[in-house]
Amino acid sequence: MVAQEKKSILATLFSYRESAIFLALIILMATVTIFAPNFMSGSNLYLVSRQISFVAVVAFGELFVILTGGIDLSVGSVMGLSGVVAAGAMAGGQSIILSVLLGLATGIALGLINGLLISYVRIAPFIATLGMLSFARGVILIVTKGWPITNIPKPFLIVGQGDFLSLPIPLWVMIVLAAVAHFLLSRTAFGRRTYAIGGNEQATFLSGINVKKIKVFLYMISGLMASVVGIILIARFNSAQADTGTGWELDAIAAAVIGGTSLSGGSGSIFGVIIGAAIMGVIRNGLVLMRVSPYWQTAVIGIIIVLAAVLDRIKNK
Amino acid sequence: MSEPLLALKHISKSFPGVKALDDIDFSVQKGEVVGLLGENGAGKSTLMKIISGVYTPDSGDIFWQDKKIKLKSIMDAQEKGIAIIFQELNNCPNLSALENLFLGHEIRTSANFVDFRAMKKKAKEIFSYLDVQIPLEKPVGKLSVALQQMIEIGKALLANAKLIIMDEPTSSLTDKEVQKLFQIVKELKERGIAVIFISHKLEEVFIITDRIVVLRDGKHVGELKTSAATQDELVALMVGREMHSFFSKRTKEASDETILKIENFSGPPYIRGVSFYLRKGEILGLAGLIGAGRTELALLMIGAEQKTSGNMVLHGKEIDVRSPWQAIQHGIAYLSEDRKMKSLVLQMPVRANITMAIHSAVTGTLGMLDRKKELEVTNSFIRLLDIKTSGPEQTVNNLSGGNQQKVVLAKWLATKPSILILDEPTRGIDVHAKAEVHKIITDLADKGTSIILISSELPEIVALSDRVVVMHEGQVKSVLEKKDISQENIMSTVFSA
């Protein structure tokens with residue numbers, strides 16, 4: 001009787017999409033620990049978790065968009081430009097609060113443009129956000145001429161470098177945003193509609209739901225999430241760099257896909273995205289600790305992405 | 001009689017919930033033109049897809065020139081010499097006429113490059129034989145449908161087809177183009193090529209065919225020599241004469257109060273000047289062939305597509321509906337004809353699907369969905385409509401077609417509509433579920449809901465409707481009062497040119 005109950009709990013646990021990848025993460029961490037025992041050291045975990053937090057938050061935004069079958073390639077450039085705006089404002093003597101708000105507004109505004117182009121001008125998400133990727137990066141280079149912006153006020157640096165209850169602040173930011181995003185997706189009508197659009201856009205439209213408006217909001221959320229990370233990174237590096245965020249769109253999409261998000265829309269979760277980001281972070285860190293050439297990291301991540309997609313295919317059959 | 005070119009024996013084919021073909025025998029002689037007739041859903045397309053290798057039959061045998069064969073794919077059929085020209089032409093609109101003509105069968109030079117010169121020469125031969133002028137370099141998408149069809153016929157000739165299936169080839173041709181097509185069919189015939197000709201236009205079938213086969217409900221119900229057939233005879237065969245006692249009866253009459261007036265509606269793709277009215281508690285049938293514009297009209301009414309002109313008067317007040325959301329607010333609900341593609345989110349549970357159009361009613365603070373309210377609504381509909389599901393959390397993908405349809409009905413009933421537009425509400429569901437859906441429809445009308453019933457199943461329209469609007473090519477052809485409603489009247493209205 002007891003055994004049966006146990007089995008059924010296990011069975012329910014495994015019925016969740018995320019269980020398999022969670023298990024994969026545990027196995028991965030154990031393997032890394034065997035080959036590089038210092039993986040489990042407090043200082044290493046601190047660094048890894050902070051790095052994972054950055055990728056995860058950008059990937060949260062990406063998740064919202066991918067759930068409807070869309071894609072946001074501009075997150076890396078949006079991160080960069082938001083950081084430059086915030087850093088520029090701070091260096092120019094504006095208050096920290098106002099500077100941060102300006103940075104966040106930049107992300108939201110760029111997301112709004114993406115969303116309007118996709119919903120109302122009917123440009124394919126891939127193209128609209130590819131254009132934004134290039135445009136926003138170009139603006140960064142025009143504004144900074146390629147030079148970093150320094151003179152970040154000291155008190156602000158704690159956001160990127162400090163900790164609270166011995167956990168890095170960026171990790172706390174991720175936890176809070178994860179909770180909000182999860183609530184939005186799983187408890188509200190807005191979240192239900194987001195999944196519904198990805199599941200069947202036609203049916204959702206015919207059910208009287210304003211699909212276009214929701215999509216615009218989703219790209220704004222993606223822009224907002226990217227700008228949060230962009231702003232934290234200026235505190236982390238004590239400057240805004242012209243190349244911050246380059247290539248991050250790939251990490252964000254990879255985290256979502258490894259975390260079980262379907263690129264055709266309709267399925268995926270915040271928890272999955274966190275695990276996806278963690279798997280990538282642990283692999284990168286593990287390879288460094290095992291003194292594998294950094295060139296291999298990129299190759300291994302590539303293999304993991306495709307492997308995740310293959311597993312998903314098999315599971316859905 | 002000579003030996004048949006193609007013979008089908010005892011062919012059956014089922015899809016989930018529907019027996020599409022039931023023990024069909026069918027044959028074609030060399031150089032013969034056979035007409036295939038039947039209402040929407042009679043099984044014509046399924047039969048043609050079996051002959052052209054798209055579907056494999058569940059049981060039965062196919063003989064080609066007296067040899068038993070199996071057709072595993074459309075390529076398989078092409079190799080044997082069977083070509084099909086679909087109503088929706090399958091070509092690559094961006095490629096030139098020449099490239100389309102030789103698609104997949106390009107002539108190569110000795111160095112394995114495409115030999116355009118040889119292809120052009122061959123193309124000119126074929127089109128001069130067909131006696132048509134086709135600009136070979138032009139993208140096919142820029143050519144008229146008639147010319148595109150000629151390219152398809154040319155393709156069939158290139159492949160040395162011995163049998164060409166034409167699925168409603170004249171549906172978008174002008175009279176002159178139809179004459180040209182008929183001339184070509186006659187030439188093909190003289191060459192010994194057999195043609196299966198599917199059409200809804202009886203007069204064309206009379207002109208061009210040698211023999212007519214009629215299907216109804218997946219069964220072979222009649223076969224006539226064209227020279228000996230009459231129009232009445234064919235209509236009677238297509239419609240059948242079964243009794244429909246299993247349809248539910250109305251307990252109340254529709255009231256005289258007009259609830260909705262549609263005045264002079266026009267809009268994409270081809271709706272022109274449609275007017276009709278709808279009374280409280282009335283079931284108004286909307287009959288017509290596929291492509292008559294019934295679904296398109298409904299989409300204009302709910303604002304899913306934008307009308308170019310026309311008025312809508314609800315309860316005596318003119319309203320302007322520009323989106324499905326506004327339609328719902330005005331109490332107009334539309335159940336789409338395509339359950340899987342346009343009605344349900346298949347991977348979501350019954351609960352989420354039923355509450356999909358009433359989010360504002362089940363949403364509390366912070367935009368949170370009130371799960372308790374959702375379950376209340378869902379459970380009440382599971383009971384009311386007798387939806388067979390393991391519970392409100394069951395994914396709709398796992399329900400049978402009939403129960404899925406009930407979930408869609410529940411979604412729309414939850415919006416408490418005063419006008420319910422039902423587009424093919426019983427398509428692809430089994431007989432029992434059909435009867436249940438019919439009962440739901442009559443009960444609703446008895447309680448005062450006004451219903452517009454779009455259906456391609458004439459018995460359903462005839463049994464349930466208080467009045468019938470017959471549509472043809474985007475226009476209202478006539479309105480039949482209760483006493484005049486019969487399958488024969490509807491069909492002859494449609495077919496009267």
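The legends below describe close-up views of a predicted model.

**View 1. The two domains of chain B and the contact between them.** Chain B is divided into domain 1, which covers residues 6-239, and domain 2, which covers residues 258-495. The centres of these two domains, taken over C-alpha atoms, are separated by 35 Å. Where the domains meet, 11 residues of domain 1 of chain B are in contact with 16 residues of domain 2 of chain B. On the side of domain 1 that touches domain 2, the residues divide into five nonpolar, five polar and one charged.

**View 2. The open six-stranded sheet of chain B.** The strands of this sheet follow the order β6-β7-β8-β3-β9-β10 in chain B, and their pairing is mixed. At the edges stand β6 (82-85) and β10 (219-225) of chain B, each of which pairs on one side only. From one strand to the next, the twist averages 20°. Within the sheet, strand β3 (residues 33-37) of chain B and strand β8 (residues 194-198) of chain B run parallel and are joined by four bridges, and B:V33 stands opposite B:V195 in β8(B).

**View 3. Helices α1 and α8 of chain B against the six-stranded sheet.** Helix α1 (residues 44-51) of chain B packs on the sheet, where it touches β3, β6, β7 (163-167), β8 and β9 (211-216) of chain B, and its direction makes about 150° with that of β7(B). Helix α8 (residues 231-239) of chain B lies across β3, β9 and β10 of chain B, and runs at about 30° to β9(B).

**View 4. The open four-stranded antiparallel sheet of chain B.** The strand order in this sheet is β12-β11-β14-β15 of chain B, with antiparallel pairing. Because β12 (271-279) and β15 of chain B stand at the edges with a single partner strand each, one side of each is left without a neighbour in the sheet. The twist from one strand to the next averages 20°. Six bridges join β11(B) to β12(B), and in this pair B:I262 stands opposite B:F276 in β12(B). Strand β11 (residues 258-267) of chain B is also joined, by five bridges, to strand β14 (residues 309-314) of chain B, again in an antiparallel arrangement, with B:L260 opposite B:L314 in β14(B).

**View 5. The hairpin of β14 and β15 in chain B.** Strand β14(B) and strand β15 (residues 317-319) of chain B run antiparallel and are joined by three bridges, and B:V313 stands opposite B:E318 in β15(B). Two residues lie between the strands of this hairpin, in which B:H315 takes a positive phi near 50°.

**View 6. The enclosed helix α9 of chain B.** Eight of the eight residues of helix α9 (residues 294-301) of chain B are buried, so the helix is largely enclosed by the rest of the structure. The buried residues are B:R294, B:T295, B:E296, B:L297, B:A298, B:L299, B:L300 and B:M301. After α9(B) comes B:G303, whose phi is positive, near 75°.

View 7. Residue A:V306 lies in helix α14 (residues 294-316) of chain A. A:V306 counts as exposed because 10 other C-beta atoms lie within 10 Å, the criterion for exposure being 12 or fewer. The C-alpha atom of A:V306 is separated by 9.4 Å from that of A:A254, although the two residues are 52 residues apart along the chain.

Methods. Residues are numbered from 1 along each chain as its sequence is written. Chains are lettered from A and ligands numbered from 1 in the order in which they are written. This is a predicted model: local features need pLDDT of at least 70, side-chain atom pairs count only at pLDDT 80 or more; totals for chains, interfaces and linings use all residues. A residue is buried if 20 or more other C-beta atoms lie within 10 Å of its own, exposed if 12 or fewer, and partly exposed in between; C-beta atoms are placed from the backbone. Two strands pair if DSSP finds at least two bridges between them. Domain bounds come from an automatic or database domain assignment. Two residues are in contact if their C-beta atoms, placed from the backbone, lie within 7 Å. Ala, Val, Leu, Ile, Met, Phe, Trp, Tyr, Cys and Pro count as nonpolar, Asp, Glu, Lys and Arg as charged, and the others, Gly among them, as polar. Axes are lines fitted to C-alpha atoms, for helices over the stretch in contact, and angles run from 0 to 180 degrees between N-to-C directions.
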